[in-house]
Amino acid sequence: ETKMWVSSTNVSNEYLTMLSRNIMDLMLNLTPDTVIAQHKQVLRLVDSQDSKDITAKLAEISQIITKSNISQNFFIKDIRIINKKHVVYISGELQEYIDTTLSSSVKQIYKLTFRVSDFAALLDNFELIKPDDSQLKGIF
């Protein structure tokens, strides 16, 4: 039985996993028709202190998706949590399509950082990590 919980300053691994999966789905499983609505939903999960940076990142993604008529899917392979720091690493494969033709398939690793306070976990940062980045040593 999986139990999710949120306290004033901490969250369970199960909660971080669920929240991270939801954010990844909203941020990376996109079509030109859904990208704006999905990114608006992501911004509801972002810490207000960091919304400017994340909004800029999402705007850049939205522009590429809509201008190039790209659809993409991210297939999660593995999730690793460093709960004391509220950090989640997610590895998987990003597939991009132009119209209905697969144009690329790339293995990627993302790092999501959360700020936990007042019984809420909010996204603090979202970044693509290079596979040889030293912070991944011993994680995957």
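Two strands are taken to pair if DSSP finds at least two bridges between them. The model examined here is predicted.

By that criterion, strand 3 (residues 101-117) pairs with strand 4 (residues 120-129). Nine bridges join the two, and they run antiparallel. Leu 112 has Phe 126 of strand 4 as its bridge partner. The two strands form a hairpin with two residues between them. In this turn, Asp 118 has a positive phi of about 50°.

Strand 3 also pairs with strand 2 (residues 87-98), again in the antiparallel sense, over 12 bridges.

In soluble globular proteins, nonpolar side chains tend to be buried together. The largest such core in the model has 23 residues. Those with the most contacts inside it include Met 24, Leu 28, Tyr 110, Leu 112 and Phe 126. Two or more residues come from each of helix 1 (13-28), helix 3 (51-68), strand 1 (70-82), strand 2, strand 3 and strand 4. Helix 1 gives the most, with six residues.

Phe 126 links several of these parts. Its contacts include Met 24, Met 27 and Leu 28, as well as Lys 57. Phe 126 also touches Tyr 110, Lys 111 and Leu 112. Residues up to four places away in sequence are not counted.

A second, separate core has six residues. Among them are Val 87, Tyr 89, Ile 109 and Leu 136.

Conventions:
Residues numbered from 1 in each chain as written. Predicted model: local features only at pLDDT ≥ 70, side-chain atom pairs only at ≥ 80, totals over all residues. Heavy atoms only, no water. Helix = DSSP H or I, 4+ residues; strand = E, 2+ residues; numbered from the N terminus. Core = buried A, V, L, I, M, F, W, Y, C linked by side-chain atoms within 4.5 Å. Buried < 20%, exposed > 50% of the residue type's maximum accessible area, 1.4 Å probe, protein only. Contact = heavy atoms within 4.5 Å.
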